[in-house]
Amino acid sequence: MIGAVGRRLLLAIPILVVVSLLSFLLIDLTPGSPAELLAGEGATPERVAELEQTLGLDQPIWQRFGDYMSGLLQGDFGTSLFSGQSVGDAIGAALPVTVSLIVVAYVLVFVIAIPLGVLAAVRRDTRTDRAISATCSFFLGIPSFVVALVLVILLALTVEAFPATGYKPLADGFGVWLSHLILPGLALALTSAAEVTRQLRGALVDVLEQDYIRTQRAKGLPPLLILGKHGLKNAAPPVLTVIGLQLARMLGSTVIIEQVFAMPGFGALTLNAVLQHDFPLIQGCVLVSAIAVIGTTVVVDVVEAGLNPRLRSAA
Amino acid sequence: MTETPTTEVVTPAPESTLAADGTTTTRRSRSRVMRRLRRNRGAMIAAGFIALLILVAALGGLLPLPDPNKQDLVNRLSGPSGDHWLGTDSFGRDTLSRLVAATRVTLLAATEGLLVAVVLGVPLGLLAGYVGGATDAILSRIADGLLSLPGLVLALAIVGVAGPGLTNAMVAIGIVFAPRFYRVGRSAAQSVSHETYIEAVRADGVPTSRILLRHILPNSSGPLLVQASFAVGFIITAEASLSFLGLGVQVPDASWGSMVREGFAHVHESTFAIIPPAVMITLTVFAFSQLGDGLRDALGRDSRGS
């Protein structure tokens with residue numbers, strides 16, 4: 001088991017190296033000089049030279065890459081050009097908001113997708129199944145920011161059932177925290193819930209057709225036990241992969257969702273970094289998202305290996 | 001308790017070996033695909049809707065509509081009326097005219113993004129799949145790295161260094177989607193690179209670029225078409241997202257995403273202005289995903305691409 005974890009971590013390392021290289025190269029891909037872009041129009045040559053020095057652009061690329069990588073290995077992501085704050089601190093301050101949002105969204109995905117997916121698979125090819133499939137197709141087609149706007153207009157501005165904007169930390173109380181996260185969490189969750197429902201239905205339909213399920217039915221095992229212990233457990237691996245993939249989608253969507261709901265999270269930080277051409281902060285945000293996504297892939301692989309003894313020994 | 005058997009990875013038996021059998025798609029099999037596609041009602045409705053959109057984008061300027069940039073500040077944020085069928089925005093501009101103008105902007109932008117993705121992804125994918133070795137290893141690691149980033153974060157980062165604007169946004173989105181086309185091209189090239197007919201043209205001394213484009217590319221047209229249809233939907237969503245954030249299309253031009261942005265800025269005064277562009281985005285993205293599903297089913301499940 002530990003060997004399996006180690007192997008998967010090793011597989012993740014080259015991808016992380018490539019991503020750090022890509023994010024390092026971002027600044028060199030800037031059309032024209034990044035320092036001139038930052039200094040703005042009409043800046044004095046001295047100001048541009050000063051910025052070039054701050055960015056390290058006066059040094060050769062290999063030296064800069066060496067400094068950048070050795071900084072990263074020591075956990076130093078650089079310093080924001082605007083706030084003067086370290087990139088690590090800026091991201092650390094924004095992450096609790098986004099982590100809360102994604103946790104709530106994932107809980108909602110499970111609450112919505114597991115019952116619906118199971119229901120659709122058990123009532124396969126009935127009207128219930130078709131209704132669930134059609135709803136899923138519908139939500140898969142809607143961009144999450146449209147969902148967010150509909151939710152804001154209907155539930156926050158019209159009915160005023162939930163606060164429309166803002167974020168309150170967990171320290172203010174669980175209820176307050178949650179009430180600010182329900183609408184953005186739902187907006188983030190619906191597309192993923194539709195995807196997971198669809199995958200769960202497909203995987204469970206395949207499993208329920210297997211001979212060993214028929215044998216257990218014939219033995220007279222209670223249907224719920226068959227479904228829970230044998231159906232879901234065997235349907236889980238492909239569904240888990242899809243659930244893991246949702247993190248990348250959600251992280252991207254938080255940029256929009258946090259904008260709609262005025263939340264000071266990681267997405268908002270990324271957007272501000274982009275609007276201000278804050279290169280070190282942009283690089284930090286890119287790297288942190290990559291680490292989160294790659295880390296999730298590793299965790300999903302390990303959990304799958306735990307569920308499926310056959311995968312444990314395979315590389 | 002006996003050990004419960006584990007599920008196999010689900011690999012459906014190929015219904016048709018269209019993409020994998022190493023022969024160029026023949027006219028007969030193409031007409032079979034078209035016949036299957038025509039029987040799919042959802043896909044045909046989607047195709048009809050997309051055709052209509054293209055018509056509006058091409059000929060929208062000929063419609064008897066007010067100037068999309070003409071302001072009428074007295075009648076701002078009005079609801080639907082005889083003069084303004086879909087109401088007006090915060091500057092009193094006619095929403096219907098702007099929606100028509102935005103259809104053109106949005107579709108052109110989507111085409112641009114798709115072209116960047118295809119032109120970057122497909123040739124590199126064909127090359128990597130055909131020559132293999134170190135080229136394949138390096139290109140594939142770069143594709144993996146790009147795919148491990150959330151699409152919107154990557155697009156934002158590229159726009160962040162290149163600067164806002166519709167063209168930059170679409171190049172960024174194209175780069176985000178290029179790895180998917182890379183994978184389609186790579187697997188197509190891998191599946192046929194050792195076929196006899198490819199070895200034959202290679203023995204004839206045909207240059208690699210010509211082998212890739214004339215003999216391998218036609219084989220992957222099915223999976224590429226499916227991938228492209230899905231990608232257009234995602235690209236439209238991505239464009240709308242960037243324009244909603246103010247990083248895509250710039251004023252006074254409008255795309256559906258920037259219209260939603262303008263509507264959202266005045267959401268406390270009137271919510272109506274958001275609805276028409278949001279509905280257009282949703283319907284269009286839905287249409288492309290339905291068409292993609294239909295194409296995939298018509299081509300057989302083995303042509304999924306990635």
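In the predicted model, residue B:A102 is located in helix α3 of chain B, an element that covers residues 95-131. The relative accessible area of B:A102 is 0%, so this residue falls under the 20% limit and counts as buried. When neighbours within four places in sequence are set aside, the contacts of B:A102 are with B:A254, B:S255, B:W256 and B:M259.

Chain A was examined at the level of the whole chain. Its secondary structure comprises 13 helices and 0 strands, and the order of elements along the sequence is accordingly written as α-α-α-α-α-α-α-α-α-α-α-α-α. The C-alpha trace of chain A extends over about 85 × 55 × 35 Å along its principal axes.

Chain A contains 315 residues, of which 47% are classed as buried. Where contacts in chain A link residues at least 6 apart in sequence, 74% of them connect residues at least 24 apart.

The accessible surface of chain A amounts to about 14900 Å², with 65% of this area contributed by carbon and sulfur atoms.

Terms used:
Residues numbered from 1 in each chain as written. Chains lettered and ligands numbered in written order. Predicted model: local features only at pLDDT ≥ 70, side-chain atom pairs only at ≥ 80, totals over all residues. Heavy atoms only, no water. Helix = DSSP H or I, 4+ residues; strand = E, 2+ residues; numbered from the N terminus. Buried < 20%, exposed > 50% of the residue type's maximum accessible area, 1.4 Å probe, protein only. Contact = heavy atoms within 4.5 Å. Areas by Shrake-Rupley, 256 points an atom, 1.4 Å probe, with all protein chains shown as cover.
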